[in-house]
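Here is a short briefing on one protein model. Look at the sequence and the structure first, then work through the points below.

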Amino acid sequence: VAFIRVLIPALWHIQDPASQRLTWNKPPKSVLVIKKIQDASLLQPFKELCVFLTEKNMIVYVERKVLADPVIQADESFAAVIQKFCTFREDLNDISNRVDFIICLGGDGTLLYASSLFQKSVPPVMSFHLGSLGFLTPFNFDTYQSQVTQIIEGNAAIILRSRLRVVKESREKNARVDKKGIIMTNGDSEGSRKAMQYQVLNEVVVDRGPFSYLSNVDLFLDGHLITTVQGDGVIVSTPTGSTAYAVAAGASMIHPNVPAIMITPICPHSLSFRPIVVPAGVELKIMLSRDSRNTAWVSFDGRKRQEICHGDNITITTSCFPVPSICFQDPVNDWFESLAQCLHWNVRKKQNYLSSKEDVF
């Protein structure tokens, strides 16, 4: 019998997530403030924060559509502060190299929106809980001055939330697909395809859209067909996204420090199709099955919803550009605090104590 000896270092060190700290090479000078749109309750916190930041001589970046709010425009006392802002538009201006860190005012969706603004490197993000759920927003606004000051001084823990790099390749409308799924065109096949790239923090969702038939999509892992999803759809999520749509569909909750990708079916027409977790380094590909009765639809963190036709494919890998999320305490305590406060994880009435005088049976 032959044995294979696996050499393992005598000291196999696994990094403690709580040891990840925010450090500045030089003091931060610019900050992007993102406010939830069309929420009147956030106007006063937004004004207070911006005044505080300008008093600290910070360069404040704000979206133009935020300042277009009539209430802000009508506030004469705030006009002098607005003059100091640097403004930008999501679809026109690239500010990725101008911002040192980000402050989000709102709920979890505000953090997802902040992630979408940066398709490559993301500045550290500090999220205040001013929304409804707040699983990803650990900071309370009551003590914002001291908390923001600590961040500027570099005194904070940080967690790197992995993202998904998603490439959607679509065929042009003048191309057709034969029975074998091969794209047929009159010209160059490369020129008949259009590719769009997205950075996703929570999940990619492929579903049946408005159709009544089952979604019927093929799922490939590193080029090998692993299964065909027959049901309402499938969710491919990060560990951060495991506590979002995925957990509602029956998936496990995974700590954001775990390098993994989750695959969760949505209402599968099979009793044995359970959610699975695959290594972060694999490449996933999703395509419509050849015999699918209808098309499917895809969304990226709940945005950019679009149709998937025959011949289209979606390639998913772990992105090289995570989201550095600033912690209130540390990555472990913050996560369990969110599980308890937001999802009421393992909440149960305590069992009564059994005294020694009572019979056990």
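**An aspartate and its partners**

The side chain of D207 reaches the backbone nitrogen of G209 at 2.7 Å. This comes from a predicted model.

**Where D207 sits**
- D207 belongs to strand β11, which covers residues 203-207.
- Its relative accessibility is 15%, so D207 counts as buried, because buried means under 20%.

**What D207 touches**
- The side chain of D207 also makes a polar contact with the side chain of R305, at 2.9 Å.
- R305 is one of the residues in contact with D207 once neighbours within four places in sequence are left aside.

**Helix α5**
- Helix α5 spans residues 108-116.
- Seven of its nine residues are buried, so helix α5 is largely enclosed by the rest of the structure.
- The buried residues in α5 are D108, T110, L111, L112, Y113, A114 and S115.

**Cysteines**
- How many disulfides does the model have? The count is zero, with a disulfide taken as a pair of cysteine sulfur atoms within 2.5 Å.
- C267 has a relative accessible area of 57%, so C267 is exposed, because exposed means over 50%.

Notes: Residues numbered from 1 in each chain as written. Predicted model: local features only at pLDDT ≥ 70, side-chain atom pairs only at ≥ 80, totals over all residues. Heavy atoms only, no water. Helix = DSSP H or I, 4+ residues; strand = E, 2+ residues; numbered from the N terminus. Buried < 20%, exposed > 50% of the residue type's maximum accessible area, 1.4 Å probe, protein only. Polar contact = N/O pair within 3.5 Å; in protein donor to acceptor, adjacent residues only side chain to side chain. Contact = heavy atoms within 4.5 Å.
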